[in-house]
Amino acid sequence: MPSLAPPGSPRSAPPRSCLLLALPQPLFPARPGAALPGQSRSDGWRWCFASGFVPVPVPVFVCTSSSTAVSLKKMCCESKRFLLLYATQKGQAKAIAEEIHQQAGAHGLEADMHCISEMEKYNLETEKDPVVIVISTTGTGDPPDTACKFVKKIQDKTLPPDHFTHLQYGLLGLGDSEYMFFCNGGRTVDRRLQELGAQHFYDTGLADDCVGLELVVDPWIDGLWLALKKALQLQKEKEGMNNAVKAVSSSLSTAPHAVHELKLSPEVQNLKLEDEGVRGSGVLSQKLDDINLVAPARDTKPSLVHSVPPVSQSALNIPALPPEYIEVEFQDTQGENPHLSSLISEGTTFEVPVTKAVQLTREDAIKTALLLELDIADTAFEYQPGDAFCVICPNNVCEVEELLHVLGLTEKGDDFVCVKVKQGTKKKGASRPQHIPGRSTLKFILTWCLEIRAIPKKAFLRALVECTSDAGEKRRLQELCSRQGASDYNSFIRDSNVCLLDLLHAFPSCKPSLSLLIEYLPKLQARSYSVSSSNLYQPGRLCFVFNVVEFPAGPSRPVSRKGVCTGWLAELVAPLLHPSKNSLHTGESSSTEKIYIFPRPKNAFHLPADPSVPFIMVGPGTGISPFIGFLQHRQKLREQHTDWVFGETWLFFGCRHQDRDYLFKDELQCFLENGTLTHLKVCFSRDSSTAEVTPPKYVQDVLRLCAKEVARVLLKERGYFYICGDKKHMADGVSEAIVDILSMEMEADTLEAMKILAMLREAKRYLQDVWS
């Protein structure tokens, strides 16, 4: 065996019988003028490298037996497979997993991708290859619905602590820091896998949708490939290579670590942008010389369609273009569209009539709040006060027609199309998206299947580049999907809620195909609402309350829009509305308008099981919705069980103006008078006051005024605390107020008060139903 000293140090000449070992992966970026493959060295070593990378000297040594040669051949030819699992609620995690799957091939790796719910297609108990998991979070910290079975399985308390000692994994969690339990879906799986003995081969990433998932996702994916290759290398060593192979592996073991410590000269650093494309990282380099730029815009500030230096003068790193995989064929034959229930995988759907609609706010209120009542008497739909349910809604009819017009398909909207996988596609494992029917009309797909209001991801922008003919527009789209344009993407697309239609108006030379939209637009999601009634109080009825969402026009959006679902519901029930009637008992009709709904399980936002336990409710604005159901239920229980002991009930409500948007004012007064509601505390943030002492404006201010009572209910009487409403502008402020109250009443420091609040959350006595 020859010496394995570092290249350049003295060693004896190699023996005559030699074997050239090719490295399984590249190690260093190439410099201009690098040696050619197989070029000899004077010291008995040979250069061995992959195209585009610095050659690394590899020792040449004797094969003393056929078994050694076979082992070496097996190491070089063995599959570079890893298992890729995703758990998604709205498609984000799946899209990121598909991006990893796409990039894997460019790195010489093979991703075996599955939804985490498809447990029959993989087996972690016997999995030997590295596992990559991408998982989102839903609700107030739950794993997505697709991960429920998996989480339940790994949380089995009978599993031994060494159950997954053979498993090595990397996990990317998606979440939103606007919510208390940030990335809790990913954290839950990560923590449990660790408890069962699994080992990280790569650090866990937690991406925040509040500031932009790509800020964590992009660098996490970039670092994944080196970590995977290290993990695969270690795996091979564990599988019993002979001593000769182990010796070679040992001689190379420091090389991967050197990548992070490599000090690049200024010359090499300047080449880094162009080298990234060669590395096969899924990033293409676009030089300014390759683009016929239009004259620079006069605008001194960037916008959706204009850029300024340094972005406008930079070479760009843009995502690689994934292969097309969907094919759409127009058909002459007619037929029927699929039933809407076939689009829902979450469970049973129910078609129910809308029997009542009431406008709860005055016409001059800043926001319009509506209450709808549904007839569920003839269905098997069941709920408890505090539950949430989902409404299946369509895209706006006018927007669908506009999109058809922009695409040049106005005359074909009612034609049937067949959607299938493109023959000969290079996309591995390509399949028709589950939310797209194999056959339906074009309008059906655009109306019920695709989220045409979705904020376009960078991968979508990259695909739109290829559909754009104007050089200036093409360049700007490239900037918006590049790393150099990340700030512009956040400002003018993500934060501005720009959708596909806005882009097509801003970049008129962009003419995407229908198949492209099906590939990149996500599934149209059902919208979730809190129940605002009690089935005990109103048998066979379900009520819910919502504000009609308004998106004003702006620089990136030429027209104002209403929310997809709230705008549709408002239009649907317009004939039923009786403006300025602030009562639950008006607006009834024998309307035949129907909507599709389905229940949302896994909800802990319920009344205490023991009716003698007191509770506090905080619900400004439409956040009062579930508490009307709580109080209705409590009133009915009091009527039916006169011998029961009932705990006290507190409600903290706030709105802008007492005379414009004080929701359920009359009903709350009735609950007070009959003893169902013990304490009602209200505040009005926009009303002026002539009182000597300025009244509190927000619910958190009123809570502080009731500090002793709040602390008594929570600490001495072990009561419950419920919050419903806006997360960012209300729920966080309420949490801070509770910490202050606990700190003051317990005479403890802030840290101790925060620990008490955390214990209340853990005990499910501090519950939130919030949205951002």
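Asp 659 is partly exposed, with a relative accessible area of 48% (buried means under 20% relative accessible area, exposed over 50%, and partly exposed in between, with a 1.4 Å probe and protein chains only). The model is predicted: local features need pLDDT of at least 70, side-chain atom pairs count only at pLDDT 80 or more, and totals for chains, interfaces and linings use all residues. Residues are numbered from 1 along each chain as its sequence is written, and side-chain values use heavy atoms, with hydrogens and water left out.

Asp 659 forms a salt bridge with Arg 362 (a side-chain nitrogen of Lys or Arg within 4 Å of a carboxyl oxygen of Asp or Glu). The closest N and O atoms of this pair are 3.5 Å apart. Helices (H or I, at least four residues) and strands (E, at least two) are DSSP runs, numbered from the N terminus. Arg 362 counts as partly exposed, at 31% relative accessibility.

A search of the whole structure finds 33 salt bridges. Side chains of opposite charge can pair when their charged atoms come close. Arg 81 takes part in a network of salt bridges that links Arg 81, Asp 112, Glu 127 and Asp 129. Between Arg 81 and Asp 112, the closest N and O atoms are 3.0 Å apart. This pair links distant parts of the chain: Arg 81 is in strand β3 (residues 81-87) and Asp 112 in strand β4 (residues 110-115), 31 residues apart. Asp 112 is partly exposed, at 24% relative accessible area. Glu 127 also forms a salt bridge with Arg 81, with the closest N and O atoms 2.7 Å apart. Glu 127 lies in the loop between β4 and β5 (131-135), and Arg 81 in strand β3, so this pair ties together parts that are 46 residues apart in sequence. Both Glu 127 and Arg 81 are buried.

In β23, 7 of the 7 residues are buried, so the strand is largely enclosed by the rest of the structure. In a regular strand the side chains alternate between the two faces of the sheet. Both faces of β23 are covered. Thr 649, Leu 651, Phe 653 and Cys 655 are buried on one side, and Trp 650, Phe 652 and Gly 654 on the other. Strand β22 (residues 615-618) pairs with β23 in the parallel sense over 4 bridges (two strands pair if DSSP finds at least two bridges between them). Ile 616 has Trp 650 of β23 as its bridge partner.

Another sheet is open and has 3 strands, in the order β11-β15-β16, with antiparallel pairing. β11 (326-331) and β16 (439-441) stand at the edges, each with a single partner strand, so one side of each is left without a neighbour in the sheet. Neighbouring strands are turned by 30° against each other on average, direction ignored. Axes are lines fitted to C-alpha atoms, for helices over the stretch in contact, and angles run from 0 to 180 degrees between N-to-C directions. 6 bridges join β11 to β15 (residues 416-421). Phe 330 stands opposite Val 417 in β15. Helix α10 (residues 442-449) packs on the sheet and touches β11, β15 and β16 (contact means heavy atoms within 4.5 Å). The direction of α10 makes about 90° with that of β16.

Helix α5 (residues 214-238) has 25 residues. From first C-alpha to last, α5 reaches 35 Å, close to the 36 Å expected at 1.5 Å a residue (the expected span is 1.5 Å times one less than the number of residues). A kink of about 30° is centred on Leu 224 (the bend at a residue is the angle between axes fitted to the seven residues ending there and the seven starting there).

Asn 490 is found in helix α13 (residues 486-494). Asn 490 counts as buried, at 11% relative accessibility. Not counting residues up to four places away in sequence, Asn 490 touches Val 211, Glu 214 and Asp 495.

The protein chain has 22 helices and 26 strands. Buried residues make up 50% of its 772 residues.
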